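Hi,

Here is the structure I promised to pass on.

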Amino acid sequence: MRRLLLFAIFGLAALVGCDTAALETESQVVVEAYLEAGEPMDSVRLTRTARASAEYTPERTAVQGADVQVQRLNDSGGVAATVPYTETDSTDGLYIPETPATVKSQATYRLQATPPEGPVVTAETTVPAPVEAVRTQNDTTTYPDPDDENSDPPQFELTVRPGPSALERQNVYVLTSRSLLELQSISASPPDSVAGRLLTPFYLEQYDADSDTLASFRVNSSGLLNEANFTSNDDGTVSITLPWLAVAFYGPNQIRASVVDDNLYDFLRTQSAQQMSLAPGEIPNIDEDIENGTGIFGSYAEASGKVLIRPPNLTGDDVPLRP
């Protein structure tokens, strides 16, 4: 569930609202599932598309009673292993593995979901090679002073060693920052109070104490970033500098660099094109790889590091710097 929530920020609901499939009379099954190299298999969420004029919520559109399994394929395309899934009692439409299984890097997996009504929904993903965190630099640094145009503190840097890519393109990354502060225990507040001491300037401008919670700003992700955007080192490693705009909170943050598979790459690339379109007639469809359905079944490999971001002009206990 943790990984599913991590990538939910990519906006699957936006796909359901913008894709032409959402305008069809007959609804489609929506898949949301992610595999991380070297980690236990995560959950699969099944819902149905809603009409463009209807409210879309996963709870109201959940697909219950489906037969769900994930198969690991061998080199010839046959089934090497099968992991059956069962629906949880706590969340309608959310399916979890019946037995623990670890996602193998560079393996191909097939999702099969058979709803009570309709055809079998299938999708495949090939998991990227593992990514190793080699070192970090500037693990403690200070956010630039917005009142000082000459303020240029050192930025956090994560150096990773990516595995060999089996794709006909360079590796593509998504950077994700996650605050490690206990935000659930902090009540909503006006900007001149707690939020004003915790949020960095850009996110403080977006924060509305009447409608937002601090926890809703906890996780922030970049768009797709080609490996060429980073520094390639002679030893085969890649050094990734964290942009200040990716940091929403002062204090401890975890930074993840995720190499994505073709399915996530296509999904995010076309989703970005949707967001840049100006007129309804110019909005392209999401590029997806689900047969007899819609959504995303993707995989990724990631490496991570931690950084402590101190606010500029820190005095006393202006901000909690411990998780």
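Below is what I found, going from the whole chain to single pairs of side chains.

First, a caveat: this is a predicted model.

**The whole chain**

The protein chain has 323 residues, and 46% of them are buried. Its secondary structure comes to 5 helices and 18 strands. If you take the contacts between residues at least 6 apart in sequence, 71% join residues at least 24 apart. The accessible surface is about 15,900 Å², with 46% of that belonging to carbon and sulfur atoms.

In soluble globular proteins, nonpolar side chains tend to be buried together. Here the largest nonpolar core has 48 residues, and the members that touch the most others are Val 31, Met 41, Leu 46, Val 68, Tyr 109 and Phe 297. The strand that gives the most to this core is β18 (residues 294-310), with 5 residues.

Leaving aside its neighbours within four places in sequence, its contacts include Val 31, Ala 33, Leu 35, Tyr 109, Leu 111 and Ile 290.

**Strand β11**

What surrounds β11? It is largely enclosed by the rest of the structure, because 7 of its 8 residues are buried. You can follow its pairing to several other strands:

- With β16, β11 pairs in the antiparallel sense over 7 bridges; Ser 179 has Asn 253 of β16 as its bridge partner.
- With β12 (residues 219-221), the pairing is antiparallel over 3 bridges, and Thr 176 stands opposite Ser 221.
- With β13, the pairing is again antiparallel, over 2 bridges; the bridge partner of Val 172 is Asn 226 in β13.

**Aromatic pairs**

The structure holds 6 aromatic pairs. Tyr 143 and Trp 244 have ring centres 5.3 Å apart and planes at 65°, so they count as edge-to-face. Tyr 143 sits in the loop between β9 (140-142) and β10 (157-162), and Trp 244 in the loop between β15 (238-241) and β16 (251-260), so this pair ties together parts that are 101 residues apart in sequence. Tyr 143 counts as buried at 10% relative accessibility, and Trp 244 is buried too, with a relative accessible area of 16%.

Another edge-to-face pair is Tyr 173 with Phe 230, where the ring centres are 5.5 Å apart and the planes at 85°. Tyr 173 brings us back to β11 (residues 172-179), while Phe 230 lies in the loop between β13 (225-226) and β14 (231-232), 57 residues apart. Tyr 173 is buried with a relative accessible area of 0%, and Phe 230 is buried at 13%.

Do look at Phe 202, Tyr 203, Tyr 207 and Phe 217 as well, which form one aromatic cluster.

**Salt bridges**

Side chains of opposite charge can pair when their charged atoms come close. How many salt bridges does the structure hold? There are 4, and here are some of them.

Arg 110 is in β6 (residues 108-114) and Glu 124 in β7 (residues 121-126), so the pair ties together parts 14 residues apart in sequence. Arg 110 is buried at 18% relative accessible area, whereas Glu 124 is partly exposed at 39%.

Arg 161 and Glu 132 meet at 3.9 Å, N to O. This pair links Arg 161 in β10 with Glu 132 in β8 (residues 131-137), 29 residues apart. Arg 161 is partly exposed at 34% relative accessibility, and Glu 132 is partly exposed at 45%.

Finally, Arg 269 and Asp 266 form a salt bridge at 3.0 Å, N to O. Arg 269 and Asp 266 are 3 residues apart in helix α5 (residues 262-276), so about one helical turn separates them. Asp 266 is buried, with a relative accessible area of 14%, while Arg 269 is partly exposed at 35%.

Over to you!

How values were computed:
Residues numbered from 1 in each chain as written. Predicted model: local features only at pLDDT ≥ 70, side-chain atom pairs only at ≥ 80, totals over all residues. Heavy atoms only, no water. Helix = DSSP H or I, 4+ residues; strand = E, 2+ residues; numbered from the N terminus. Buried < 20%, exposed > 50% of the residue type's maximum accessible area, 1.4 Å probe, protein only. Contact = heavy atoms within 4.5 Å. Areas by Shrake-Rupley, 256 points an atom, 1.4 Å probe, with all protein chains shown as cover. Core = buried A, V, L, I, M, F, W, Y, C linked by side-chain atoms within 4.5 Å. Phe/Tyr/Trp six-rings, centres within 6.5 Å; stacked < 30°, edge-to-face > 60°. Salt bridge = Lys/Arg side-chain N within 4 Å of Asp/Glu carboxyl O. Pairing = 2+ DSSP bridges.
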